[in-house]
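Trainee: I am new to this structure and would like to learn how to read it. May we look at it together?

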Amino acid sequence: MRKIQVVIAERTREAKDIVRLVLRSPNTEVLPSFTAGAHIDLFLPNGLTRQYSLINDCAEADRYEVAVSKAAVSRGGSACVHDTLNVGGVIEVSEPRNNFSLQPGHDRFQFVAGGIGITPILSMIRYCESRSWRWRLLYLARSRECAAFCDELGAYGEDRVRFHFDDAAGRLFDFADPSFIVEPRVPIYCCGPAPVMNAVGEFSSRHPENPAYFEWFSPPAVVEPKAASGFEIKLNRSGTLLHVPENKSILEVLEEHGYELSCSCREGMCGTCETNVIDGVPDHRDYVLSGNERAVGRTMMICVSRAKSAVLVLDI
Ligand code: FES
């Protein structure tokens, strides 16, 4: 994985516990391009690696912009960003990756953002605006003070941006409410906490003409424990056969055997460890691949996914 050095050119407070960072090349070089909905890894001073969506216009080649919410119970990533990344500081980032891109064939979109889930949606809105595509946004947050970019989004008008603040409404948003209308054949792009994602998924399953696409920032709060069993992997380039026991991931087994592979989140969310499958049937346990990509089974996230067949042949 290529690492890129960037300097923190700006830092602004966007809402309660949310900061925006503008990252530029120290020698004003053009940064690798990205598409709306993409994210980068930040390699933080405390040794952690965290993924953050790019919020700026993907036509801007001179900067990456991210917005980071300080988690109530930080595992060290967001707290490090808030406490140590200041203007003038230099850090490394990855090249952009996109697991949440706008699918071709549409020019109308419904966006649903919950809290800091607004970040990938923001770059999608900027992209839609640049193409004069129609879009609507439902933006959910606990309160207005917790919601970033309200002024900018509010300027698009009530016909396009609907805010729902739990404290003002006195309740959570109800996706079964008749006021939530999505035009037929308009896809829904959703990013937010698990209850919002699950509610949008249920809405989409009741309205199949509105396919839903998701970007997970963290695994769903309730993860069904799935029984794991051992299986074999065959590495296509060398013919090596390795056993993956029930208590280890494919990635861990490969690392134990000296393979240095790209990985980042190790939770099936970032897409960094995506590996081509030559033969066999993966048991997908990630939050990156679409239903169609899972069904085709040509790639898998080896940090979490396993095998339904006795042997998987991988392009390694
Ligand atoms: S390392 Fe992030 S999906 Fe595997």
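This is a predicted model: local features need pLDDT of at least 70, side-chain atom pairs count only at pLDDT 80 or more; totals for chains, interfaces and linings use all residues.

Mentor: Residues are numbered from 1 along each chain as its sequence is written, and side-chain values use heavy atoms, leaving out hydrogens and water.

Trainee: How many helices and strands does the protein have?

Mentor: Helices (H or I, at least four residues) and strands (E, at least two) are DSSP runs, numbered from the N terminus. Here there are 7 helices and 18 strands.

Trainee: What share of the residues is buried?

Mentor: Buried means under 20% relative accessible area, with exposed over 50% and partly exposed in between (1.4 Å probe, protein chains only). In this protein, buried residues make up 48% of the 316 residues.

Trainee: What does helix H5 reach from its first C-alpha to its last?

Mentor: The expected span of a helix is 1.5 Å times one less than its number of residues. Helix H5 (residues 194-206) has 13 residues and reaches 18 Å, close to the 18 Å expected.

Trainee: Which residues of H5 are buried, and which strands do they pack against?

Mentor: Contact means heavy atoms within 4.5 Å. The buried residues of H5 are Ala194, Val196, Met197, Ala199, Val200, Phe203 and Ser204. They pack against strands S7 (108-114), S8 (134-141), S10 (188-191) and S11 (212-215).

Trainee: What does the C-alpha trace span along its principal axes?

Mentor: The trace of the protein spans about 60 × 50 × 35 Å.
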